[in-house]
Amino acid sequence: MRTAAVLGLIAIVGYALLAPIATRRLAPSAATVLLVTGNVLSAASGVFILAVLAFTWIGQFPFVAEEGAWSPALLRSDSPVPAWPAAIAGCLVTLALVSALVTGLRQMRALLEVHRACRRLTAVGDLVVLDDERPDAFSTPQPAGRVIVTSGLLRALDPRQRAVLLAHEKSHLVHHHAWWNLAAGLAAAVNPVLRPAARAAATAVERWADEDAARAVGDRRLVATTLVRVAQLQTRFAHPAAVVAATGGDLEARVRALLAPPPRRRPLVLAATIAVLAVGALPAAAVQHTGEALFEHAERPAAVPHT
């Protein structure tokens, strides 16, 4: 169990370090799906491994052993995990769950604030134009998602740039990008090691919308210059965590990608990345198997009624 647990935790750290690099070679839509899926699986896998380690110690408490019908002494003698690492694992699981709860509540509050702020606005289709001089644009999560653009930003852009902006925000809305970002952020709250991968996912989401905008207007350079123009106009603005803004993610990387040829399909890289994710889940499965065997071995024999 200890070997599998260590391998599982190494796999999570390795994923956190390598996934942002490996997924740069993929189309942004595929990179988004893989990064967010990998983040969620890695966070869940890490919590599961730590929880199993912790339970080898918690299960030795008499009242817990009584409920589980196993022998605390036999479990103690068979357990490959000393008490102090198991106790630390239990503390880490508690911290992860508290962090996930706090982050989830914070994100839900942001979603409700955005929903309340937008429900009385007059929309033309999915588009809401705010009469505000601040240059801003973002999309809110589905269902009932909207593209919110200020009149100040629309006046500052020429018609072609406006087309880029609206195509970009429409892509966020259609592909539910806000939820992908929220899932990646929640996984990073559970396991802070995954923060670089969450930032990579945020950039991949923006790249996805950039590529959709480039296809819509047929000019990659125009999309790049529009991004720079919007970033120059936007100063000292912070967006709620529940929305996706046009200048989110790594802006420099996005502009560089738009000035390069469109991303190619890379089935081998995609298959290799999926295979690595699948292999990375094996240690967690091994921990589950050995943990189950440990508790089964410690079970008290069933009492045989006398006849």
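Predicted model: local features only at pLDDT ≥ 70, side-chain atom pairs only at ≥ 80, totals over all residues.
Residues are numbered from 1 along each chain as its sequence is written, and side-chain values use heavy atoms, with hydrogens and water left out.

Reader: Which residues are the closest to the centre of the largest pocket?
Author: A pocket is an open set of points on a 1 Å grid where a 1.4 Å probe fits, with protein on both sides within 12 Å along at least five of seven lines; lining residues have an atom within 4 Å of a point. Of the 27 lining residues, the closest to the centre are Thr23, Arg24, Arg207, Ala253 and Ala257.

Reader: Which helix supplies the largest share of the lining of the largest pocket?
Author: Helices are DSSP runs (H or I, at least four residues), numbered from the N terminus. At least two lining residues come from each of α2 (28-58), α9 and α11. The largest share, 6 residues, comes from α9.

Reader: How far apart are the end C-alpha atoms of α10?
Author: The expected span of a helix is 1.5 Å times one less than its number of residues. The 14 residues of α10 (residues 220-233) should therefore span 20 Å, and this agrees with the separation of the end C-alpha atoms, 20 Å.

Reader: Which helices do the buried residues of α10 pack against?
Author: Buried (under 20% relative accessible area, 1.4 Å probe, protein chains only) residues of α10 include Leu222, Val223 and Leu227. With contact meaning heavy atoms within 4.5 Å, the buried residues pack against α6 (151-156), α7 (159-174), α9 (195-217) and α11 (251-259).

Conventions:
Buried < 20%, exposed > 50% of the residue type's maximum accessible area, 1.4 Å probe, protein only.
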